[in-house]
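Please look at the chain and its ligand first, then go through the points below.

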Amino acid sequence: MTLRDWSDAKGETTLEADVVVVGSGPGGAAIARTLSEGGLRVLVLEEGPARPRFRPNLAHTQRFHMQENGAVVAQSLQSFVPIAAGRGVGGGSLINSAICWRTPDYVLEKWTKALGVPHFGPTPMSAIFDELEELLQIAETPEAIAGENNKIIVRGAKALGLPGGFLRRNTPHCSGCGLCNLGCPTGGKASVDRNLIPLARAAGAIVQGDVRIEELIFEHDAVVGVVGVVRHPETRVEVGRLTARAPKVVLSAGAIGTPRLIAQAGAAGRLGPAVGQGLHLHPGNAVVGLCDHDVTMWRGATQAAWFEDPDLPGVLPHTLQAEPGVVLMMFGKVGVEAKALMPLLPKMCGAVVMISDKGSGTVSARSDGRSAVTYDFAPNDVERIKAGMVRTADVLLAGGAREVTAPVRGMGLHRDSKSFAANLADKTIRDFGLYAAHPMATCRMGTDPETSVIGPDGQAHRASGLYIADASVFPTALGVNPQLTTMAVATVIGRQILG
Ligand SMILES: Cc1cc2nc3c(=O)[nH]c(=O)nc-3n(C[C@H](O)[C@H](O)[C@H](O)COP(=O)(O)OP(=O)(O)OC[C@H]3O[C@@H](n4cnc5c(N)ncnc54)[C@H](O)[C@@H]3O)c2cc1C
């Protein structure tokens, strides 16, 4: 039996499959494709909408396509970091910026050593990246659609002799409208609902939206199914309950969603002390430049340029793409201050400075089912963000900005990076306007059940039949944007399940 959509789910429904996959982002889509092409009957259950409901409007995007309505926040005594996570069939790929990096070799080598297995090594992973890059039509962003905001970074990096350029992205038909983070309006982005999910469906997978899983069914030490609530996509009123039974259950609800689900299901103690521990975020801050010419930073390919400074390993600056409302929010401007800033908005350019973080946090669930997230910065991380911001100020100035500033309390405008650095020097993390979109490593893969949740084969150490395949399984932070790694790791886990 299948459900056509939520309206078929009145009362209690029970479905059966060989494998149930919870979540349909890059991880869920990749493992669903792998397992269904391998001949298994796969049922994918996704909390968000079955089909994209994009509108170029942030509030609408938050309501339909962001987990917890865009209000996931990591809190600690030091700081407050909003975390973006996507929702819907396609998960984060629906609203992400489409940047596609392969996992750096040094990260894969570290994983291989820690896991003691060869399949996450640079050579086998390289073959999987080749395959995924072809399926997702990943290519360098053409200059013709890049827009001035990206070009300033490329020009600046070149002028300073720093490595950098236009980013590789999964946007084969991009027109450069700059709306990726609200959902691509033209189908120009090859999000996973346009490739891996259709491939899974073509091989027989069933994909149901509007189902939020809340319970895991245990029989002795094995997980044999899940139970969830089917909700009306508009009102979110419960219309029914769904039980899905399968000898194998894969959690792909993301690095926030997977530990949140395990905690909500009351299974965190059972699956071991590492559930929800070790959250990495790739946190960072932005640098904004003010130019004499028009840039309109909200147009052009979203986040399509990068550079690096070899003296700052693990610091990865790339384009900041922000619409006017977001810029006003970043700088905390309202009333007459907002009015004064308005004429300057088209002249702004920007870059975000993201770091491979040593700081870490935790994810669990509140009684209402929302996530409870903490995060503590490592002191050196803050200094690395600052150093990256200073170098980014140099790049924006070299690329065409007249002055630079940052969403940091009391920063002001600076004509050179020396005075920018001097102003930044005594700022603490409490002064920063922080943001993160790369939660990861909260249900790690490893060999020790005390410090990891799943083994190198993807199966939980303490529950047979339960697998995890999403960004939560990374054994460390990545240092690069994670969607391609998530797909590759999930593909490897899927192939191990197939044997
Ligand atoms: C605004 C933004 C920009 C980004 N830009 C980039 C970028 O340019 N490049 C890049 O590499 N990465 C980017 N990322 C990060 C990238 O999208 C994520 O790392 C990636 O999506 C993680 O994949 P995942 O499968 O682990 O989880 P997700 O993509 O988060 O998918 C998890 C899915 O599970 C569903 N779910 C959660 N809980 C439940 C439940 N209980 N029951 C049923 N379903 C559930 C969610 O609705 C979601 O659809 C960005 C992210 C955001 C939000």
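In this predicted model, the centres of domain 1 and domain 2 are 31 Å apart, taken over C-alpha atoms.

**Domains**
- The domain assignment gives domain 1 as residues 6–52, 88–96, 101–135, 191–275 and 442–498.
- Domain 2 is assigned residues 140–182 and 281–431.

**Where the domains meet**
- On the domain 1 side, 20 residues are in contact with domain 2, and 20 residues of domain 2 take part in return.
- In general, the size of an interface is often given as the accessible area lost when the parts come together.
- Between domain 1 and domain 2 the buried area is about 1500 Å², and carbon and sulfur atoms give 56% of this area.
- There is 1 salt bridge between domain 1 and domain 2.
- Arg168 and Glu133 form a salt bridge in which the closest N and O atoms are 3.4 Å apart.
- Helix H7, residues 254–264, gives the most to the side of domain 1 that touches domain 2, contributing 6 residues.
- That side of domain 1 is made up of 10 nonpolar, 7 polar and 3 charged residues.

**Ligand surroundings**
- The ligand is surrounded by 39 residues, and the closest are Glu46, Gly92, Ile99, Ala471 and Gln483.
- Glu46 places a polar side-chain atom 2.6 Å from an oxygen atom of the ligand.
- Ala471 has a backbone N or O atom 2.9 Å from an oxygen atom of the ligand.
- For Ala98, a polar backbone atom is 3.1 Å from an oxygen atom of the ligand.

**Salt bridges**
- In total, the structure holds 27 salt bridges.
- One of them joins Asp18 and Arg41, whose closest N and O atoms are 3.3 Å apart.
- Asp18 sits in the loop between strand E1 (11–16) and strand E2 (19–22), and Arg41 in the loop between helix H1 (26–37) and strand E3 (42–45), so this pair ties together parts that are 23 residues apart in sequence.

Notes: Residues numbered from 1 in each chain as written. Predicted model: local features only at pLDDT ≥ 70, side-chain atom pairs only at ≥ 80, totals over all residues. Heavy atoms only, no water. Domains from an automatic or database assignment. Contact = heavy atoms within 4.5 Å. Buried area = accessible area lost by both parts, 1.4 Å probe. Salt bridge = Lys/Arg side-chain N within 4 Å of Asp/Glu carboxyl O. Helix = DSSP H or I, 4+ residues; strand = E, 2+ residues; numbered from the N terminus. Nonpolar A, V, L, I, M, F, W, Y, C, P; charged D, E, K, R; others polar. Near = heavy atom within 4 Å. Polar contact = N/O pair within 3.5 Å; in protein donor to acceptor, adjacent residues only side chain to side chain.
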